[in-house]
Amino acid sequence: MHLLAERGVPLEERQKAILSGLSDWDAARIFLEVVRCGSFRSAAERLSLSINAVRRKIDDFERQIGATLFTRDVHGTHLTDEGALVVSAVERMEAATFDVMRASDSVANALSGEVRVAITEGLGTFWLAPRMVEFQQAYPHILVDLHCAMRSADVSRHEADVAIHLSRPSALDIKLVRLGRMHLMFWAAEKYIEKHGAPRTALELIKHRLVLQFADQIAAKETFESFFPGVAERDLLVMKTNVSSANYWAVANGAGIGVFPSYAIALGGKLVPLEVELNRPLDIWLSYHPGSGRIPRVRHMIDWLIEAFNPARFPWFKDEFVHPRDFKEVYMGEPLTQLFGGFSTEERREQV
């Protein structure tokens, strides 16, 4: 009988037997992805593989282990008791692999090499990327891989060295830093207001047209339904997009009313903040693996990111809402327009 099925064998010995018998880490990695995604199809999309390739790998893995790891029905995949035991053993292997990678990094030149930073697409495009020159000037031998995406990266699985999220990560084996809070507002271009007027209440807003970004991080669909109960998207939306840049420039050119952070006044378009209340603050979180935090170049990046979102320097990241019209009174730093030198800034010099 395979040791995996011998119930009288102590758990630790059974897990050691599993680890010693593994010869295909790629299959083990795919097995973990199926477990974490909950289905073969979702895992295949995440791994950019065909669903048949994933199924073949799982079949091979089950033969290698000598046990059935999943049961499958119309509702998806479900771990067997043996599968749950394998998850624990393979996660130990994954953690050990990442420890080896981090140890290898730590013996390299402390202030050279690559640091992978994952961030939500809007914050990465409009806030972090324009400021990254500060870090590059301070540490010219560190290569920054800035990955801006809709899906949050999992630093515990080595998807990034440092990640910034708009919701608190649930992983237990990571370090978390709450950076600040992002306050969302309704905005419209001057040309839109000249033609259609500026709504002042949610009821008036229904008479207008919206341009919204539908992204996982901000749960735009749920936000829309909670703010406009009973209103169909097709009756209010004139355009929706999956990325912040397209969303921003569509609104800036008068396509409709949009939702942006309060610091959007500094981004270059002739946008006007509307007085329609939108109480949707989003906490900004930074995560990293404890081992990665001990690598000097990663530590420097962490410290720099914390300062880049420092509410004491940048009041739009304070817990309490600061209206854009008050920025010039509470912000004491260099003009934000310098961060967007490629955009027209003449009209903004008096605003910020």
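Student: Is the crossing of H2 and H4 left-handed or right-handed?

Tutor: Left-handed, for H2 and H4. A crossing gets that label if the near helix is turned anticlockwise from the far one by less than a right angle, and right-handed if clockwise. Before going on: this is a predicted model, where local features need pLDDT of at least 70, side-chain atom pairs count only at pLDDT 80 or more, and totals for chains, interfaces and linings use all residues. Residues are numbered from 1 along each chain as its sequence is written, and side-chain values use heavy atoms, with hydrogens and water left out.

Student: At roughly what angle do the axes of H2 and H4 cross?

Tutor: The general idea is that two packed helices are described by the angle between their axes and the distance between the axes. Here the axes of H2 (residues 25–37) and H4 (residues 51–65) cross at roughly 115° and come within 9 Å. That makes the two helices, H2 and H4, roughly perpendicular. The cut-offs: angles under 35 degrees are roughly parallel, over 145 roughly antiparallel, 65 to 115 roughly perpendicular, and the rest oblique. Axes are lines fitted to C-alpha atoms, for helices over the stretch in contact, with angles from 0 to 180 degrees between N-to-C directions. Helices (H or I, at least four residues) and strands (E, at least two) are DSSP runs, numbered from the N terminus.

Student: Which residues make the contact between H2 and H4?

Tutor: Contact means heavy atoms within 4.5 Å. H2 brings Asp26, Ala27, Ala28, Ile30, Phe31 and Val34, while H4 brings Val54, Lys57, Ile58 and Phe61.

Student: How do H6 and H12 cross?

Tutor: The axes of H6 and H12 (residues 296–308) cross at roughly 125° and come within 11 Å, so H6 and H12 are oblique to each other. The H6–H12 crossing is right-handed. Among the residues that meet are Trp127 and Phe135 in H6, and Trp304 and Leu305 in H12.

Student: Where is the kink in H6?

Tutor: At Leu128, shortly before Pro130, with a bend of about 50°. The bend at a residue is the angle between axes fitted to the seven residues ending there and the seven starting there. H6 covers residues 121–138 and reaches 24 Å from first to last C-alpha, close to the expected 26 Å; the expected span is 1.5 Å times one less than the number of residues.

Student: Is Val251 buried or exposed?

Tutor: Val251 is buried, at 0% relative accessible area. Buried means under 20% relative accessible area, exposed over 50%, and partly exposed in between (1.4 Å probe, protein chains only). Val251 sits in H11 (residues 244–252). Its C-alpha is 6.7 Å from that of Val211, although Val251 and Val211 are 40 residues apart in sequence. Leaving aside neighbours within four places in sequence, the contacts of Val251 include Trp187, Phe260 and Leu271.

Student: What is the phi of Ser48?

Tutor: Most residues other than glycine have a negative phi, and most peptide bonds are trans. Ser48 has a positive phi, near 60°. Ser48 lies in the loop between H3 (40–47) and H4, and is exposed at 69% relative accessibility. His158 also has a positive phi, about 65°, and lies in the loop between strands E4 (142–149) and E5 (162–165). His158 is buried, at 11%.

Student: How many helices and strands are in the chain?

Tutor: There are 13 helices and 12 strands, and 46% of the 352 residues are buried.
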